[in-house]
Amino acid sequence: MTTSDTRPSAWSLTIADITQAAVFAALIAALGLPGTITVGTAGVPITFQTLGVMLAGAILGPKKGTLSVVIFMVLAIAGLPILSGGRNGLTALSSPTAGFFVGFLPGVIVIGVLTALMMWTHTRSQTVPRYRVLPGIVINIIGGILVVYICGTIGLMIRADMTLWAAIAANGWFILGDTIKAVVAAVVAAQVHRGWPGLISPLRRPTHEASPSN
């Protein structure tokens, strides 16, 4: 006979999880308030909102971080002018920046998953995972720059009718600034996890918590 396991899975959401995700969705929106600086010929703006995406993945992990970006994107597509420069999601999707906007979602997923793996893979204690800054920077670069840039490059090719190499070159304006954001996000995440451990759960429940059977 097998005893049913009524404990929540690693991917279930509590009210606290949803609240944290909503707070970070608001943070991403707030980071668009300073406005934008458009550089290059592609019309892609410099924005602080990619920093918010990195922070969401690095601090909340794949589950809550993804939810925060989904909330933000849904509100933007619904018409709220919460993107940098006072734009909404529909405006972004019809512009050359469409790929960068869409890239927020896979970007935060990659950051969240890799951060959870980094924090829990080498953790001796199953209750106090540790965030490490240098791996965190690399993870933020992979998800917050590489993944977002790939999506942005595809968007530029589709929306701006740019060649592959021209679209890739257009990203060059943003590499330094986004790398600084990746460093800032990792440093902030390390401090937050030190003060509030347990924000990111392991991707899988430890085997010793598996339900008993007989």
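In this predicted model, Phe72, Phe101 and Phe104 form one aromatic cluster. A search of the whole structure finds 3 aromatic pairs. Two of the pairs involving these residues are listed below.

| Pair | Distance between ring centres | Angle between planes | Class |
|---|---|---|---|
| Phe72 and Phe104 | 6.4 Å | 35° | tilted |
| Phe101 and Phe104 | 6.3 Å | 65° | edge-to-face |

The Phe72 and Phe104 pair is classed as tilted because its planes stand at 35°, and an angle counts as stacked under 30 degrees and as edge-to-face over 60. The planes of Phe101 and Phe104, at 65°, pass the second of these cut-offs.

An α-helix has 3.6 residues a turn, so residues three or four places apart point the same way.

How buried or exposed are the rings of the cluster? Phe72 has a relative accessible area of 1% and is buried. Phe104 is likewise buried, with a relative accessible area of 6%. Phe101 is buried as well.

Helix α4 also packs against α5. The angle between α4 and α5 is about 155°, and their axes lie 7 Å apart. This angle makes α4 roughly antiparallel to α5, because angles over 145 degrees are counted that way. The crossing of the two helices, α4 and α5, is right-handed.

Helix α5 covers residues 133–159, which is 27 residues. At 1.5 Å a residue α5 should span 39 Å, and the C-alpha atoms at its ends are 36 Å apart, which agrees. A kink of about 25° is present in α5, centred on Ile141. Just after α5, Asp161 takes a positive phi of about 55°.

Helix α6 (residues 164–170) contains Trp165. Is Trp165 buried or exposed? With a relative accessible area of 66%, Trp165 is exposed, since the cut-off for that class is over 50%. The C-alpha atom of Trp165 is 9.1 Å from that of Thr153, a residue 12 places away along the chain.

Definitions and conventions. Residues numbered from 1 in each chain as written. Predicted model: local features only at pLDDT ≥ 70, side-chain atom pairs only at ≥ 80, totals over all residues. Heavy atoms only, no water. Phe/Tyr/Trp six-rings, centres within 6.5 Å; stacked < 30°, edge-to-face > 60°. Buried < 20%, exposed > 50% of the residue type's maximum accessible area, 1.4 Å probe, protein only. Helix = DSSP H or I, 4+ residues; strand = E, 2+ residues; numbered from the N terminus. Expected span 1.5 Å × (residues − 1). Bend = angle between axes of the 7 residues up to and from the residue. Axes fitted to C-alpha atoms, helices over the stretch in contact; angles between N-to-C directions. Parallel < 35°, antiparallel > 145°, perpendicular 65-115°, else oblique. Left-handed = near helix turned anticlockwise from the far one by under 90°.
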